[in-house]
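Student: I would like to go through a structure with you, one topic at a time. Shall we begin once it is on the screen?

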Amino acid sequence: MSEHSKALGFFQSEFNIDTKVMNDVLAVALSRGGDFAELYFEHRVSSSMRVEEGSVKESTGGITQGVGVRVVAGDSFGYAYSEDFSVESMRHAANTAAQIAKGGKPGEPVDATILNAADYYPIATPSIDVKALEKLELIRRVDRAARAYSPLVQKVIASFSEEYKQIMIAASDGRLIGDIQPMVELRAFVVALRDGKSGQGYDSGAGRYGLELFLKETPEDIGKEAARIAVQAIDAVDAPAGMFPVVLAAGSSAVLLHEAVGHGLEADFNRKKLSNYSDRVGQKVASPLCTVVDDGTIAHSRGSLNVDDEGNLPNYNVLIEGGLLAGYMQDRISSKHYDNKLTGNGRRQSFRHSPMPRMTNTYMLAGESTLNELVSSVDKGLYCVNYSGGQVNIHNGDFTFGLTEAYLIENGKITSPVKNANLIGNGPEVLSNITKVANDFELAKGTWTCGKNGQSVPVGQGMPSVLVSSITIGGTAA
C-alpha cells in the first residue's frame with residue numbers, strides 16, 4: 001500500500017472520515033457562495049530530546065491534529081479550523097469560513113477522485129517507532145565526538161527531534177489525496193575556549209528520513225564539524241570593512257539566494273505588486289551565468305513534498321534562466337490570477353494556517369569553473385561558508401547577513417578565519433554581479449526553516465560556489 005493510500009486509510013479508520021463526511025462538510029463550506037473549497041486534515045506526532053554537558057536537559061513529545069477549511073472567492077478567501085474531527089465541529093468550521101468568503105451562488109462539491117503521486121521519501125521504519133534510548137544514543141555520540149575533537153572544547157549542546165505527519169486534502173473540484181511526511185533532525189552546538197578567547201560552532205543533519213539518515217550523515221561527523229568550526233574560531237581575526245570581491249561557498253551560501261531572491265519570486269508578492277520582480281517575466285534580473293530553480297521532487301530533501309498543501313503535485317520549476325526571469329512560484333489563487341499552471345508551491349505550517357506560495361528546495365545550477373579558479377582570481381576579499389540570521393527587505397531585496405564561518409582571501413589564497421563579519425547588499429544586485437560559477441554544486445544539509453507571514457515550513461536550498469565581483473563587508477578591522 002502506498003503512503004498516500006495509508007494516509008487516507010488512517011483518517012477513515014481512526015476518525016471515520018470518509019468521502020460522504022468530506023462531501024457534507026464541503027457542501028457547507030460552499031453554501032454561501034465561493035469558487036472553491038478545500039479541507040486539510042492533519043495528524044502530527046512529534047518529539048525532541050536535548051543533552052547539555054552530558055545530561056538530558058529536555059525531553060518532549062506530543063500529538064496535534066485538526067482540520068482547516070478554506071473557501072476561495074476570487075483573490076480572497078475565508079478560513080477556519082477545528083481541532084476536533086467530529087462532524088459537528090467540522091461543519092461549524094466550514095460554516096465560519098463560508099461566512100467570511102460569502103459571495104456568488106452556492107455550489108456543490110464534485111465526487112471525489114483519489115489522485116496518485118510519486119513517493120520522494122520512502123522510509124523503512126518511522127523514527128517514532130524506534131525506542132527513545134536509541135535516539136538518545138545518537139545525541140550522546142554527537143557529544144562524545146565533539147569532545148574528542150579537541151581539549152579546547154568546553155561546552156556541547158546536542159539535540160534530536162522528529163516528526164511523523166499524516167495529511168489528507170479533499171477539495172470541492174473532486175481532488176482527494178493523502179501523504180505521510182517524516183522528518184528527523186540532529187544538531188550540535190559547541191563552544192571552545194583557550195586563554196580567555198572563545199569560539200562557537202554549529203552543525204546539523206536533517207531530512208525526510210527515518211534514523212537511516214544517520215548512517216550517511218553520522219552523529220560523529222556532525223559533532224566533529226561543529227567542534228572544528230568552534231576551535232578554529234578562537235584564532236579568527238577581525239574582518240575587513242568595505243567593498244570587496246567575495247566567493248560564496250557551495251551549499252549553505254544558498255541562504256542568501258533563498259532570502260534575498262527566493263521570497264521575491266513567490267507569486268503572491270508579485271500579484272500584489274510588493275516585489276521588485278513584479279511584471280518582469282522575460283526581463284534580465286541576474287548574470288547570464290545564473291539559472292535558479294525551485295524543485296520539490298528531490299529525494300528525501302527537507303523541502304521536498306509528494307503533494308503540496310493544496311493537494312497539487314510538486315514540480316521542477318525554473319525561476320531564472322540564463323539571467324532572465326522565467327516565472328514565479330504559484331499557489332492556487334495566484335495561478336488563477338496569472339492564468340498560469342500550478343507549480344506545487346502552496347504550503348502551510350499546519351491545519352491552523354491557510355496556504356500561500358512558498359519555496360520547497362531552491363537552488364542555483366552549477367557552472368563550468370572550479371573553486372580554485374574563483375579563489376585565485378581574488379587579490380583581497382572574503383570566502384564565505386556559513387551564516388547566521390539576517391534581515392531582508394522583501395520589497396527591494398536589501399539584506400544583511402551575519403557570517404559564522406568565513407576566511408580572508410589574500411593574493412588568490414584562502415588564509416585566516418575571520419570574526420565579526422556581515423554581508424550587506426541587495427539580492428538582485430548580487431545575482432547581477434556574479435562573474436564566475438563553479439562546478440561544485442551542493443545541496444545544503446541542515447535544519448533549514450523558512451518564515452513568512454508568521455508561518456514556518458521546512459525548506460531545502462543549494463548552490464555551487466560563485467564569485468561576486470563586489471559586495472559590502474561589514475567588519476571591525478582597522
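Predicted model: local features only at pLDDT ≥ 70, side-chain atom pairs only at ≥ 80, totals over all residues.

Student: Aromatics, then. How many aromatic pairs are there in the whole structure?

Tutor: A search of the whole structure gives 13 aromatic pairs. One of them joins Phe11 and Phe85, with 6.1 Å centre to centre and 90° between the planes, which is an edge-to-face arrangement.

Student: Which parts of the chain does the pair of Phe11 and Phe85 tie together?

Tutor: Phe11 belongs to helix α1 (residues 3-15), while Phe85 sits in the loop between β3 (76-82) and α3 (87-101), so the contact links parts that are 74 residues apart in sequence.

Student: And are these two buried or exposed?

Tutor: Phe11 counts as buried at 0% relative accessibility. Phe85 is buried as well, at 7%; the cut-off for buried is under 20%.

Student: What about Tyr328 and Tyr338, how are those rings arranged?

Tutor: Their ring centres are 5.6 Å apart and their planes meet at 45°, so this pair is tilted. Tyr328 lies in the loop between β12 (324-325) and α9 (332-338), and Tyr338 lies in helix α9, so the pair ties together parts ten residues apart in sequence. Tyr328 is buried, with a relative accessible area of 7%, whereas Tyr338 is partly exposed at 23%.

Student: Which residues form an aromatic cluster?

Tutor: One aromatic cluster is formed by Phe10, Phe11, Phe15, Phe41 and Phe85. The edge-to-face partners Phe11 and Phe85 are therefore both members of that cluster, and both are buried.

Student: Where do Arg332 and Arg348 sit relative to aromatic rings?

Tutor: Arg332 lies over the face of Phe36, 3.5 Å from the ring centre. Arg348 lies over the face of Tyr40, at 4.1 Å from the ring centre.

Student: New topic: how much space lies in the second largest pocket?

Tutor: The second largest pocket holds about 500 Å³ of space. It is lined by 28 residues, and those closest to its centre are Arg44, Glu163, Gln349, Ser456 and Pro458.

Student: Which strands supply that lining?

Tutor: At least two lining residues come from each of β1 (36-52), β5 (153-171), β6 (175-194) and β23 (455-458). The most come from β1, which gives five residues.

Student: On to sheets. What is the strand order in the open sheet of six strands?

Tutor: The order is β12-β11-β10-β15-β24-β21, and the pairing is mixed. At the edges stand β12 and β21 (442-443), each with a single partner strand, so one side of each has no neighbour in the sheet.

Student: How do β10 and β11 pair?

Tutor: Strand β10 (residues 292-295) and strand β11 (residues 316-321) pair in the antiparallel sense over four bridges. Asp294, for instance, has Asn317 in β11 as its bridge partner.

Student: Which strands does β9 pair with?

Tutor: Strand β9 (residues 242-248) pairs with β25 (residues 466-474) in the antiparallel sense, over six bridges. Leu248 has Val466 in β25 as its bridge partner. Three bridges also join β9 to β16 (residues 380-392), and these two strands run parallel. There, Val247 stands opposite Tyr383 in β16.

Student: Backbone next. What is the phi of Asn16 and of His300?

Tutor: Asn16 has a positive phi of about 60° although it is not a glycine. His300, also not a glycine, has a positive phi of about 65°. Most residues other than glycine have a negative phi.

Student: Where are they, and are they buried or exposed?

Tutor: Asn16 is in the loop between α1 and α2 (19-29) and is exposed, with a relative accessible area of 60%. His300 is in the loop between β10 and β11 and counts as buried at 15%.

Student: Last one: how many residues of helix α7 are buried?

Tutor: Eight of the nine residues of α7 (residues 254-262) are buried, so the helix is largely enclosed by the rest of the structure. Among them are Leu256, Leu257 and His258.

Terms used
Residues numbered from 1 in each chain as written. Heavy atoms only, no water. Phe/Tyr/Trp six-rings, centres within 6.5 Å; stacked < 30°, edge-to-face > 60°. Buried < 20%, exposed > 50% of the residue type's maximum accessible area, 1.4 Å probe, protein only. Lys NZ or Arg CZ within 6 Å of the ring centre and 35° of its normal. 1 Å grid on protein atoms, 1.4 Å probe; cavity = no way out; pocket = protein on both sides within 12 Å on 5 of 7 lines; lining within 4 Å. Points joined across faces, edges and corners; volume = space filled by probe spheres on them. Pairing = 2+ DSSP bridges.
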